Amino acid sequence: MEKLALTGGSKTRTKPFTSRPHVDENERKYWAHCLEEGLFSRFVGSPVKDYREQLAMTSEEALTKIEAFWSVLGGPYVRKFEAEFARKHGVKYAVASNSATSSITSAAIAAGIKPGDEVISSPFSFTATATALRIAGARLVFADIDPETYCITLESIKKRVTPKTKAIVPVHILGNAGDIVRIRDFCAERGITLLEDSAQAIHSRKNGQCLGTFGAAGMFSFQETKNIMTGEGGMAI
C-alpha cells in the first residue's frame, strides 16, 4: 500500500458497512417451522404436569426431550438453544431470559445479594448493568477502568472493597477480558461472589477459557447488535 486512504490512497472498502442483521435460509426454515407448528415461547408461569421433575433435571440435554406442550422451561427451541449454549461454554446449565438485564438481576438475586449489600462494577457499560444490580437491591460501587481494555482493574477494586462487599461484577466490554483471572483469584481469597457481565463477550476467551465461566455465573445478551442475536434476549450460564 503506497498511501493510506486517509491521505489520498485507494480505499480497501468501497461499500459502506451496514448494521442489518445477517439472515440466511436456516433462520427462515426455523421461523417457518415455528409459525406452522405454533411453537412460540411455550413458557407457562404456573405449575404444570411434571414441572418439579423438569426443574430437578441435571442435564440440559435431557431438557430438550421434554414432550409437554407447555413447560416452565419454555418450548423445544428455547431448550435446544440453552443446551447448545451450555455445551459450547463447557458448563452444565444455561438459562434463557428476555434480556441480559433480566439475567443479571436474576443472577444477583440467586447469589443472595440483598438491600444494603455493596457490589463493585464498572461505570463504563450499558445502563443495564447498573440498573439490574440496583433492581436486586445492591448498593452499587464503581471501580475505575483500564484505558486500554476498558475493563475494571484489580487495583481499583482493592481500593473499594469493604466488609459490606458481596459481589464483584466485571464487564467484558467489546469482548475484552481485562483482569478477570486476577479478579477471580481475589474473589476466591476474600469469599466474594464473582458475576460476569459477558453481554458483549459471546465466545470470547481468556487463556482458552470462555468468558462467563470464571465466576459463579456469566450473563450474555442477544440484542440485535450482538454477534448472536434473537432480536432481544439474554442467557445466564
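Helices (H or I, at least four residues) and strands (E, at least two) are DSSP runs, numbered from the N terminus. The model described here is predicted: local features need pLDDT of at least 70, side-chain atom pairs count only at pLDDT 80 or more, and totals for chains, interfaces and linings use all residues. Residues are numbered from 1 along each chain as its sequence is written, and side-chain values use heavy atoms, with hydrogens and water left out.

The protein chain contains eight helices and nine strands. Its C-alpha trace spans about 60 × 60 × 30 Å along the principal axes. The accessible surface, computed by the Shrake-Rupley method with a 1.4 Å probe and, for residues, with only the protein chains shown counted as cover, comes to about 14,100 Å². Carbon and sulfur atoms account for 54% of that surface. A residue is called buried under 20% relative accessible area, exposed over 50%, and partly exposed in between (1.4 Å probe, protein chains only). Of the 237 residues in the protein chain, 39% are buried. Contact is defined as heavy atoms within 4.5 Å. Among contacts between residues at least 6 apart in sequence, 55% join residues at least 24 apart.

Nonpolar cores were examined next. Such a core is a set of buried Ala, Val, Leu, Ile, Met, Phe, Trp, Tyr and Cys residues joined through side-chain atoms within 4.5 Å. In soluble globular proteins, nonpolar side chains tend to be buried together. The largest nonpolar core has 18 residues, and those that touch the most other members are I120, I157, I168, I183 and F186. Helix 7 (154–160) and helix 8 (180–190) are the elements that give two or more residues to this core, and helix 8 supplies the largest share, four residues. For I168, with neighbours within four places in sequence left aside, the contacts are I120, I152, I157, I183, F186, C187, I192, T193, L194 and L195. A second, separate core holds 15 residues, including A132, A136, A167 and V169.

Pockets were located on a 1 Å grid over the protein atoms alone, a pocket being an open set of points where a 1.4 Å probe fits, with protein on both sides within 12 Å along at least five of seven lines; lining residues have an atom within 4 Å of a point. Grid points are joined across faces, edges and corners, and a volume is the space filled by probe spheres set on the points. The largest pocket holds about 1,300 Å³ of space. Its lining consists of 36 residues, with W31, Y77, F81, M229 and T230 nearest the centre. Two or more lining residues come from each of helix 1 (25–37), helix 4 (76–89), strand 1 (95–97) and strand 9 (234–236). Helix 1 gives the most, six residues. For the composition of the linings, Ala, Val, Leu, Ile, Met, Phe, Trp, Tyr, Cys and Pro count as nonpolar, Asp, Glu, Lys and Arg as charged, and the others, Gly among them, as polar. The lining of the largest pocket divides into 18 nonpolar, 12 polar and six charged residues.

The second largest pocket holds about 270 Å³. It is lined by 20 residues, of which F126, A128, A199, S221 and K226 are the closest to its centre. Helix 5 (100–110) and helix 6 (127–135) each give two or more residues to this lining, and helix 5 gives the most, with three. The lining of the second largest pocket comprises seven nonpolar, 10 polar and three charged residues.

Several loop residues were considered individually. Y150, in the loop between strand 3 (139–142) and helix 7, has a positive phi of about 70 degrees although it is not a glycine. Y150 is partly exposed because its relative accessible area is 34%. N207, in the loop between strand 6 (205–206) and strand 7 (209–210), also is a residue other than glycine with a positive phi, near 55 degrees. N207 counts as exposed, at 68% relative accessibility.

S204 lies in the loop between strand 5 (193–197) and strand 6 and is buried, with a relative accessible area of 17%. Leaving aside neighbours within four places in sequence, S204 is in contact with G175, Q209, C210 and L211. E232, in the loop between strand 8 (217–221) and strand 9, is exposed at 53% relative accessible area. With neighbours within four places in sequence again left aside, E232 is in contact with N98, F222 and Q223. The C-alpha atoms of E232 and A32, 200 residues apart along the chain, are separated by 19 Å.
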